[in-house]
Amino acid sequence: PSDSKNTEMHMTSLYFTVTTTTTVGYGDIPGTNFYEECFCSFLMLVGVIGFSFAIGSLASFIQNYD
């Protein structure tokens, strides 16, 4: 039982960290259980990575535009 509680606390901590670092914010409807927090964290990380690649591609295109 305590291992499950530790896992839940670690996931909540990871969720808080990912939400803060991706600047998504906390919103009115946060993840409320382990699976929602995992799913939201995954989506936030995918979103940030995708946005970073898009911005990098746009910057490269503008730099190479003659």
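This is a predicted model: local features need pLDDT of at least 70, side-chain atom pairs count only at pLDDT 80 or more; totals for chains, interfaces and linings use all residues.
1. Where does T22 sit? Its place is in the loop between helix 1 (2-21) and helix 2 (34-64). So that you have the whole fold in mind, by the DSSP-run definition the chain has two helices and zero strands.

2. What does the T22 side chain reach? At 2.7 Å there is the backbone oxygen of V18. Leaving aside residues up to four places away in sequence, T22 also touches M44 and V48.

3. Now for E37, which is found in helix 2. This one is worth a look on screen: E37 is buried, yet has no salt bridge. The nearest side chain of opposite charge belongs to K5, and that is 10 Å away, whereas a salt bridge calls for a Lys or Arg side-chain nitrogen within 4 Å of a carboxyl oxygen of Asp or Glu.

4. Which residues does E37 touch, again not counting those up to four places away in sequence? They are M11, T12, Y15 and G31.

5. Finally, the chain as a whole. The accessible surface of the chain comes to about 5,400 Å², and carbon and sulfur atoms account for 69% of that.

Notes: Residues are numbered from 1 along each chain as its sequence is written. Side-chain values use heavy atoms; hydrogens and water are left out. Helices (H or I, at least four residues) and strands (E, at least two) are DSSP runs, numbered from the N terminus. A polar contact is a pair of N or O atoms within 3.5 Å; within protein, one must be able to donate a hydrogen and the other to accept it, and residues adjacent in sequence count only if both atoms are side-chain atoms. Contact means heavy atoms within 4.5 Å. Buried means under 20% relative accessible area, exposed over 50%, partly exposed in between (1.4 Å probe, protein chains only). Lys and Arg count as positive and Asp and Glu as negative; His and the chain ends are not counted. Accessible areas come from the Shrake-Rupley method with a 1.4 Å probe; for residues, only the protein chains shown count as cover.
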